[in-house]
Each structure stands twice: as C-alpha cells, then as structure tokens.
Amino acid sequence: MIGNDPGEELGEIAEHAILIHTRDDFEIAVRRMRSGDGHLLPVLDVSGMNLPDVDQSVDVGNGWPETAIDSIRQFAARRLRLAPWLRESSRPDLRLLAYMYVHDRELTARYDAVSPAGFSYGDLLPETKLSQLTQRLCAAGYLHATFFDCFNGCSACHSTRLNVREECPACRTSDIADVRLLHHFRCANLAPEEDYRAPGEKLTCPKCARELRHYGSDHETAGNAVKCVSCGYIGSEPVVGFVCLDCSTHFDAASSRKVRVFNYRLSEAAMDFLHSASDAAAISDSIFGISLPLGLLQQIRAACARGDDFLVAEVLYENEGLGLKRGSRQLAASRAHFRSTLAAEIAEFGQLVAGGSIDYVFMPEHSPDRALKRLRNAVARSDRTLRQKLAPELRIFSKADLVA
Ligand SMILES: [Zn+2]
Ligand SMILES: [Zn+2]
Ligand SMILES: [Zn+2]
C-alpha cells in the first residue's frame, strides 16, 4: 500500500489508480472501467483539464497531495470490504453495485445532447447498457430511484433529439400563424381580422359585405386563434407534434416513446448485501441471469445457516404469443392477480417472492418431486383464474445450484 511520502513513485500510484495525464488517457480510462477490475480503481485526473466524472482532480505540481493519497487508501479499504467473488464477478449487475460501493457514488443523470437518449450518467462507468440493469436492481431492492425527468423519444428510432412543433390539427403542417378573430354582431360572422380587411381599405365583413364602423358597437375582437397557412384550417388550439432530428419520422405525443429517467443510489439493503457477501454463503454468481430479490436472498441465507435443503423456482412470464407486451399495464395487472392467488395456493409449502421481470417461489422442501408437483398444480390453478392467461414457465434450482 501507498506510503505518506508526497514524492511517491508514480509507478506505484498507477497500480492503485487510473491516472489521466492527457485527453487520450480519458478514453483509456473508460475502457479500463469496463474491463477486469478497473471499475474498482479511483480515476484521478492529473491533466489539469478538470475532466467530468473523475473521482478526483489532482494538482501534482508540488508532488502528490495528501488528499489524493487518502482517496486511494479509501478506495483500497472499500475494495477489501467486498468478497473476492464480488470484486471479480463479470456479472453486469454485480459490477455496477461494486462500482457504486467502492466509488461511493450515485448514478446521477444529466442532460446530454450528444446522446440520442438525451441524458447520460457519464462515461466512466463499468457498464454501457444501464437502463435494464438499474430497473432490475431497483425491483430487487438494491437501488433507490429518484425521478430526474421524462423524455419523449422518436416512435421509430427512440432518439430524443426532436423538433417539438405546434401543428395544424387538420393537416399537421407546422406552417401555422396566430390570428386575431373579429366578431361581426349583425351577421354573427367570426373570422380572422385579415379576412375583413382588403389592402388599403376599411374593414368589410366577408360574409355580409357590410362595413364595420365602430369597435364595440358593431364588432369586437373575439380572442386569438391559429390559422393554417397550408390548408386554411382555423381553430383555437394547435396540437403538439414531433419530428425526429435523427431519422425525420413525424409523430404525435400519443405515439412518442416516453422514458422516465431516474437517479440511483445504493439501498441500505444493498449495503448489507455487499458487506455480508463475504461471510455468508456465496450465492452462485452465474446461475441467475438477473439479480435475486433481497427477500429471496434472505430466505436462502437463513436456510443455509440452518443447514436446510430447499428449492427455488423462477416463475417466468416471457411467454411469446400471448399478445401481452413486456412492461404493459395489462401484463402487470395479470401478474399482480396471479401472484396473490399463487401466494395463497402455496402458503402451506412455499413462499412467493416478487421480483422484477421474474417472480420466485422459495420452498423449504426435502422431497423435490413432491414439491414440484404441488407447485405446478398451484401455478396451473392460479393461471386458470385469469381472464388473460399468463402460462408462466418454471425453472427449478436446488440448493446446490445456488450456493457456492
Ligand atoms: Zn427517429
Ligand atoms: Zn392545415
Ligand atoms: Zn357580417
């Protein structure tokens, strides 16, 4: 570990940190964050360029300042609090959690016109595809989300780089103008002021051809309207439409792709998980493609501590061909109904743990065949109560599959 000497050898510091001396080094740092264990090293900017997202900008004019050495030491201490399998895991979700823990950092969204998504969490991150990761980690209780903004995206290419326009409701051109309406009392005509006015002449009603003489006695203004230059439509309100700056697709607000963007921080439960991962039974790193809900993890830990056998079933809803889109409100409602029925059905022999896109059943059971049969029956019965069938599939894991 690094000593107190401010004139410390650069070579030794470089083993414990990612140093950025020049702009080119930034790209190298980004690559290092995304491979191996580079995501657990502090990124120190010694270039004097004040680069964004680094852990510390360091002025090394008079040798290495104590604050930088301190920071490197703190990173090392936090790395050591993580179990080796967590530090070395190549799973994106665990890499992200370990990164946030060791860097003591939240994922903070900011507007980013360069990115088609319209926002970014910065480049110095262990993973590039964050949105599904963060959703799953949130659903499983590892991350707390706070709302940042809602983005409208292109219905075709999802880009948020859009021209937001006021449009004619009839022909959807943006070639519209604000006009003042005049009301002629005698014939009740209501039309834009320009329609009453021939160039250089007095106001004449286009409907009854009478001259308008006195404002207030024979005519009045009746507010503003929009008039379409292209098709002549006149109405009180324009509609909002979008043209994608990336692919030129034209669409309206109803068909825009709305993306709610959040900032994320580690939950208390995630901190507990990260701290205790070294001394409790390690949950096998590779068997689940997604993060386990903490409720399930606690059940598994408790069973391991007692030396009990158990089964875990994944309840998968990704059944194609049912016409239910992933993330749709209908699917969410069907799932909620299914879950509550199933929880009651299995109460005697198992416990349902809700997850993100997958739910789980934990069964402290010594005869797997019997447990499985009961579970399959309960799933079938619960599905029969739904109008829109989910036909969920089960994947079964034993203790040996899950615990290293
Ligand atoms: Zn587009
Ligand atoms: Zn029009
Ligand atoms: Zn008139």
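1. Helices α5 (residues 92-102) and α6 (residues 130-139) pack with their axes 10 Å apart, at an angle of about 80 degrees. α5 is therefore roughly perpendicular to α6, a label for angles of 65 to 115 degrees. Axes are lines fitted to C-alpha atoms over the stretch in contact, and angles run from 0 to 180 degrees between N-to-C directions. Helices are DSSP runs of H or I with at least four residues, and strands are runs of E with at least two.

2. This is a predicted model, in which local features need pLDDT of at least 70, side-chain atom pairs count only at pLDDT 80 or more, and totals for chains, interfaces and linings use all residues. Residues are numbered from 1 along each chain as its sequence is written, while chains are lettered from A and ligands numbered from 1 in the order in which they are written.

3. P92, D93 and L96 of α5 meet L133, R136 and L137 of α6; contact requires C-beta atoms, placed from the backbone, within 7 Å.

4. The largest nonpolar core has 69 residues, and L97, Y360 and V361 have the most contacts inside it. Such a core joins buried Ala, Val, Leu, Ile, Met, Phe, Trp, Tyr and Cys residues through C-beta atoms within 7 Å; buried means that 20 or more other C-beta atoms lie within 10 Å of the residue's own. Helix α5 gives the most to this core, with seven residues.

5. Four strands form an open antiparallel sheet in the order β9-β8-β10-β11; strands pair if DSSP finds at least two bridges between them. β9 (189-192) and β11 (234-235) each have a single partner strand, so one side of each is left without a neighbour in the sheet.

How values were computed
A residue is buried if 20 or more other C-beta atoms lie within 10 Å of its own, exposed if 12 or fewer, and partly exposed in between; C-beta atoms are placed from the backbone. Angles under 35 degrees count as roughly parallel, over 145 as roughly antiparallel, 65 to 115 as roughly perpendicular and the rest as oblique. Two residues are in contact if their C-beta atoms, placed from the backbone, lie within 7 Å.
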